[in-house]
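Dear colleague,

I am passing on the structure below, together with notes on what was found in it. Please read them beside the model.

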Amino acid sequence: MGYNTWNAYYCDINEDLVLKNAKLLKSLGLADAGYTYVNIDDCYSEKQRSASGDIVASKTRFPSGMRALTDQIHALGLKAGIYSDAGWFTCQLYPGSYGNEARDAKLFQEDWGFDYLKYDNCAVPFDNITRQNIMGRYEPMAHAIADLSKATKKPPLILSLCEWGREQVWLWGRKYGQSWRTTNDIEPNWRSVASIINQNSFYSWASDFYGHNDMDMLEIGNGGLTREEAKTHFTAWALMKSPLLIGTDLETATAETIEILTNQEIIAINQDPVVGTSVTPFRWGINPDYVSNSTHPAQYWSGQSQNGTVFMLINTLDKPATMSFSLTESPWIRAGRQYSVRDLWTHTNNGIAVRTFTAYDVPAHGVVALLLQDAGDEPEGLWPPCAVVEWCISKTGVRVDQ
């Protein structure tokens, strides 16, 4: 959890702006909510390396130097992140790290004091130079970070792979990084949010404590999303265990934006220390199951947490909708039991669910986030005697479904 400069500022960054947003993480209560990384993205350096071969921080944008900046960030009780690329250049054609992985890992961590590295995938050398596939192009930096940690006896840089999900990174990303991008860059509109949710519905299983599907930055507060869409955006990213990196100008953040970003009941699921897995779909909704639809992704999701079963309902329609499901559609719910219902957005206890749950008038592009906890045996005498009646049979051999 933290902050990244790119979506709000692109290349228009400097040390004062970075430090300003670091201080706002503290003053707005975001750091207390868990947002502790302050990450600098592309365009922070000079266009050429030094005569000795090092990346050089921009003399106009970062005149005090990176060590002075990270010292100030650390003094606030926060951590600092930096950016590079597996190719010749970054995506904005600043020096990349290809061929300089060990040098750059040392520069970033030992000389500059960074804790985290976002590692992009632009400007890659020709195949007859690397003789590697996409996975192999990330390997040298991963090894350089591991070797540096072994030599210095310090924790390694957190490595976040920015590969955009085109090469099935969710299958191999855990080999090298702590997170891996699974989509193209997010845009501040519902179409982009829905498309990313759709993409991740097919590999949401890949997130666990060893690493996370990175669905890109949080676009909450950048305009283009309604309040309900922003809540859906935040809920989906958090419950699918994506890194939560704010991509907005915090100086212009509204009270509504801060309220969404600091929903502690949602954050608690994202940061669960006992269960690392993501929610996954159990029913698509308006589409047949397992159908890819970038405008109407899966609507019914569930997952585990240390405190109960989590449900996420997404209304992908352009109008309010009533959404219902049978509890045992989720593999984490036991038949024959009833469950207390906690609404993670209204922060209210909403009674007891027996066999089914219905959410009425879910807003267009809105979300319902629930925590269900076992509340004992369901009432006696319910009919039929099985939540799923197929092959529901008495001890005497009488089938209820016939």
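Phe282, Tyr300, Phe311, Phe325 and Phe357 are joined into a cluster by ring pairs, where rings of Phe, Tyr and Trp (its six-membered ring) pair if their centres lie within 6.5 Å, and planes under 30 degrees apart count as stacked, over 60 as edge-to-face and the rest as tilted. Over the ring of Tyr300 sits the charged end of Arg283, 4.1 Å from the ring centre, and Lys47 lies over the face of Tyr94, at 4.0 Å from the ring centre; the rule asks for NZ of Lys or CZ of Arg within 6 Å of the ring centre and within 35 degrees of the ring normal.

This is a predicted model, in which local features need pLDDT of at least 70 and side-chain atom pairs count only at pLDDT 80 or more, while totals for chains, interfaces and linings use all residues. Residues are numbered from 1 along each chain as its sequence is written, and side-chain values use heavy atoms, with hydrogens and water left out.

The count of aromatic pairs comes to 18. Among them, Trp88 and Tyr98 form an edge-to-face pair, 4.9 Å centre to centre with 80° between the planes. Trp88 is partly exposed, with a relative accessible area of 42%, and Tyr98 is also partly exposed, at 24%, where buried means under 20% relative accessible area, exposed over 50% and partly exposed in between (1.4 Å probe, protein chains only). The rings of Tyr119 and Tyr138 have their centres 5.9 Å apart and their planes at 70°, so this pair is edge-to-face. Both Tyr119 and Tyr138 are buried.

With regards
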